[in-house]
Amino acid sequence: MFESGTIATLTINRPKALNALNRAVLEEIARVLRDVRHDSAVRVLIVTGAGDRAFVAGADIAAMAGMSTVEGLEFTRLGHRVMNTFEDLPIPVIAAVNGFALGGGLELALACDLIVASEKARFGQPEINLGIIPGFGGTQRLPHRIGHGRARELIMTGEMFDAPSALAWGLVSRVVAPDQLIAETRKLAEKIASKSGFTLRQAKATLRAAATMEEDAGLRFEQNAFGALFGSADQAEGMKAFVEKRAPQWRHR
Ligand code: CAA
């Protein structure tokens, strides 16, 4: 389910299976993300789950149960492609986690720039209990986000954790009352969308470099991105507005 606009919302809508991701759902998400990439009106994308029980309870276990090695490989590649597409979107993406974010669901949230959680959210990588390991990027993105020690324990035990733990570990940036989740996430999205789109792209690309590059290369990346902003219309406007004590009028919305 996709609502377009300056703040667009993608809702994973399969509540009977707690929004579990099968091939068809992943392909539909990929299609929506292609549209988002080409829609210059969209400034921030929010991803959430339909219903009040789950964000996404993981990859679809019933669909995976009979997969061969080759099919398992194809499935993980499709999942990785979709998660990478979230990460590669030039605009900020916020996951609004309303309930269970397990397995592929936590991996989807990890591919987003920011995570806002309801007080009822429950997170985990329970794949070990199914005889598999996380397959949509969790073995790499979870340690990057919360540190190797905790990620190892979570992936090896499969234990779930709650929203206050997710906040304490830096996985989520805010925890809000369940009935305020979408309103609070939209408020955050609107605040971000009020900044220069051009500058936000540089910020996102540079922050991503922190997760994917060696520190030396990342620091050089930051220098290049910082330098490239000078001479841009929005750098000129941002600094002029400061000196003139007024709000900036960004050129690149
Ligand atoms: N895949 C397929 N169906 C799922 C599902 C999943 N991941 N999670 C839940 N469902 C289905 C259930 O089978 C059930 O369907 P029926 O009503 O037809 O029986 C329905 O959603 C409701 O679920 P429950 O009755 O189990 O609800 P509950 O409140 O008792 O438990 C839960 C909720 C703890 C989330 C439990 O459903 C659960 O443990 N789900 C599986 C979580 C999981 O293991 N996720 C990881 C999947 S593997 C993965 O994601 C691999 C990867 O990295 C790519």
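Predicted model: local features only at pLDDT ≥ 70, side-chain atom pairs only at ≥ 80, totals over all residues.
Residues are numbered from 1 along each chain as its sequence is written, and side-chain values use heavy atoms, with hydrogens and water left out.

Let's start with the ligand. Which residues are the closest to it? Arg53, Ala59, Gly104, Glu107 and Glu127, out of 24 residues that surround the ligand. To be in that shell, a residue needs a heavy atom within 4 Å of the molecule.

Now the polar contacts, meaning pairs of N or O atoms within 3.5 Å. Arg53 puts a polar side-chain atom 2.4 Å from a ligand oxygen. Glu127 has a side-chain N or O atom 2.7 Å from an oxygen atom of the ligand. With Ala57 it's the backbone: a polar atom there sits 2.9 Å from a ligand nitrogen.

As for who supplies the shell, the elements giving two or more residues are α2 (61–64), β6 (100–102) and α4 (104–110). Helices and strands here are DSSP runs, H or I of at least four residues for helices and E of at least two for strands, numbered from the N terminus. By type, the shell splits into 15 nonpolar, 4 polar and 5 charged residues. Nonpolar covers Ala, Val, Leu, Ile, Met, Phe, Trp, Tyr, Cys and Pro; charged is Asp, Glu, Lys and Arg; the others, Gly among them, are polar.

Moving to the inside. A nonpolar core here is a set of buried Ala, Val, Leu, Ile, Met, Phe, Trp, Tyr and Cys residues joined through side-chain atoms within 4.5 Å. Buried means under 20% relative accessible area, exposed is over 50%, and partly exposed is in between, with a 1.4 Å probe and protein chains only. The largest core has 49 residues, and those with the most contacts inside it include Leu21, Val47, Phe86 and Leu108. Helix α1, residues 23–38, gives the most to this core, with 7 residues. There's also a second, separate core of 13 residues, with Val116, Val176, Ala193 and Leu200 among them.

Take a look at Leu108. Beyond four places in sequence, its contacts (heavy atoms within 4.5 Å) are Ile12, Leu21, Val47, Phe55, Val56, Met83 and Phe86.

Thr185 lies in helix α8, residues 181–193, and counts as buried because its relative accessibility is 0%. Leaving out neighbours up to four places away, Thr185 contacts Ile46, Ile94, Ala96 and Val116. Ala163 is in helix α7, residues 163–168, and is also buried, with a relative accessible area of 0%.

Pro90 sits in the loop between α3 (69–88) and β5 (93–97), and at 23% relative accessibility it counts as partly exposed. Outside four places in sequence, Pro90 is in contact with Arg37, Arg201 and Lys204. Thr76, in helix α3, is partly exposed too, at 24%, and touches Gly135 and Phe136, again not counting residues up to four places away.

Which way does phi go at Asn19, positive or negative? Positive, near 60°, in a residue other than glycine. Asn19 is in the loop between β2 (7–12) and α1, and it is buried, since its relative accessibility is 0%. Lys245, not a glycine either, has a positive phi of about 55°. Lys245 lies in the segment after α11 (233–243), and at 77% relative accessibility it counts as exposed.

That's my tour, thanks everyone.

How values were computed: Polar contact = N/O pair within 3.5 Å; in protein donor to acceptor, adjacent residues only side chain to side chain.
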